[in-house]
Amino acid sequence: MEELEHTCPHPRTTLTEPAIFARETSCECRAPHEKLTITQARRGTPVDRPVRVYADGIFDLFHSGHARALMQAKNLFPNTYLIVGVCSDELTHKYKGFTVMTETERYEALRHCRYVDEILRDAPWTLTPEFLEKHKIDFVAHDDIPYSSAGSEDVYKHIKEAGMFVPTQRTEGISTSDLITRIVRDYDVYARRNLQRGYTAKELNVSYINEKKYRLQNQVDRMKEKVRTVEEKSKHFVYRVEEKSADLIQKWEEKSREFIGNFLELFGPDGTWKQVFQERSGRMLSYALSPRESPCNSPPRELSPLRSPSPPSPPARWHNARPSPPTSPKGASASMSSMSEGDEDEK
């Protein structure tokens with residue numbers, strides 16, 4: 001048992017290291033490798049006997065569609081050991097076409113996919129029984145669409161007939177061909193982009209005339225970007241001015257209301273100023289109507305001994321004044337005669 005644990009590779013429990021490369025001589029697995037059915041594999045296998053699933057491809061411009069296919073292959077069974085075969089540049093250029101990435105770059109891209117346990121370099125284009133036996137492969141995972149190549153209508157036909165094929169689903173909207181189509185469609189954009197980043201026209205396989213055209217377009221784009229930046233800054237400046245103007249108007253209105261309120265409070269019909277004016281007017285009127293009294297401690301005025309006091313002036317006569325009562329009968333008759341004489345004079 002200890003020998004089996006050391007000789008049979010187990011699925012990685014951590015993601016701190018990339019996947020290993022398969023040995024070219026033979027499989028490292030020394031565990032008893034009896035043939036499994038899909039039902040047995042789905043029920044689960046012992047830890048030292050993982051289900052060895054093989055998935056092959058070109059994996060050029062490794063993208064999410066590739067990763068999702070490998071994720072499905074990894075999760076086909078409870079105890080899966082996923083081996084990924086990557087075809088070499090020679091085979092790929094011969095049967096499918098030119099690739100963007102080299103075989104070494106494609107190997108390294110697959111090694112760092114979290115679902116891959118082992119990478120098999122220079123994988124065969126068609127799987128033979130000898131190859132399957134050599135690497136102890138239980139099942140082959142691929143999408144179910146017939147793959148016509150190398151003079152065959154479906155290179156996986158014999159695998160399907162042997163009951164070793166397990167289908168996976170393609171991811172719609174993403175493929176290596178789609179990515180290349182996007183680049184070709186927007187070729188001018190990417191050429192200008194790389195010229196701007198320092199690549200030469202020779203590296204980009206761009207003619208002299210196209211190089212000058214792309215550089216002129218880049219200058220025009222930079223000028224447009226500057227104008228757009230100035231416009232954005234101008235809009236921001238105008239917005240700030242409007243915002244500050246609104247604040248100033250609001251403060252001015254508040255101060256105006258405060259000033260008007262204070263003015264009405266001071267000079268309004270019931271304002272403080274009216275009350276102060278009424279109080280002062282009342283004090284002045286009362287002061288004018290009540291004369292001052294002479295001081296109590298002022299010295300009395302003495303008459304001069306050389307001058308006799310002047311007789312008191314007779315009181316003013318009023319039409320309605322009543323004469324003082326006579327002290328004697330003669331005085332009474334005299335007063336009556338004087339009154340009658342006065343009446344006659346008035347007439």
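1. Two strands are said to pair if DSSP finds at least two bridges between them, and both strands (E, at least two residues) and helices (H or I, at least four residues) are DSSP runs numbered from the N terminus. On these terms the model has an open sheet of 6 strands, paired in parallel, in the order β1-β4-β3-β2-β5-β6. The edge strands, each of which pairs on one side only, are β1 (20-21) and β6 (165-168).

2. Please keep in mind that this is a predicted model, in which local features need pLDDT of at least 70 and side-chain atom pairs count only at pLDDT 80 or more, while totals for chains, interfaces and linings use all residues. Residues are numbered from 1 along each chain as its sequence is written, and side-chain values use heavy atoms, with hydrogens and water left out.

3. Within the sheet, strands β2 (residues 51-57) and β3 (residues 80-86) run parallel and are joined by 7 bridges. Helix α3 (residues 64-74) packs on the sheet and touches β2, β3, β5 (139-143) and β6, where touching, or contact, means heavy atoms within 4.5 Å. The direction of α3 makes about 145° with that of β3; such angles run from 0 to 180 degrees between N-to-C directions, along axes fitted to C-alpha atoms, for helices over the stretch in contact. Helix α5 (residues 103-111) also packs on the sheet, touching β1, β3 and β4 (118-121), and its direction makes about 165° with that of β3.

4. A nonpolar core is a set of buried Ala, Val, Leu, Ile, Met, Phe, Trp, Tyr and Cys residues joined through side-chain atoms within 4.5 Å, and buried means under 20% relative accessible area, with a 1.4 Å probe and protein chains only. The largest such core has 21 residues, and Leu70, Val84, Leu110 and Val116 have the most contacts inside it. Leaving aside neighbours within four places in sequence, the residues in contact with Leu110 include Phe59, Phe62, Leu70 and Val84.

5. Which loop holds Thr99? Thr99 is found between α4 (89-95) and α5, and this residue counts as buried because its relative accessibility is 6%. The side chains of Thr99 and His93 are joined by a polar contact of 3.4 Å, that is, a pair of N or O atoms within 3.5 Å, of which, within protein, one must be able to donate a hydrogen and the other to accept it, residues adjacent in sequence counting only if both atoms are side-chain atoms.

6. In helix α10 (residues 208-267), the buried residues are Glu211, Tyr214 and Asn218, and they pack against α9 (187-196).

Key: Buried means under 20% relative accessible area, exposed over 50%, partly exposed in between (1.4 Å probe, protein chains only).
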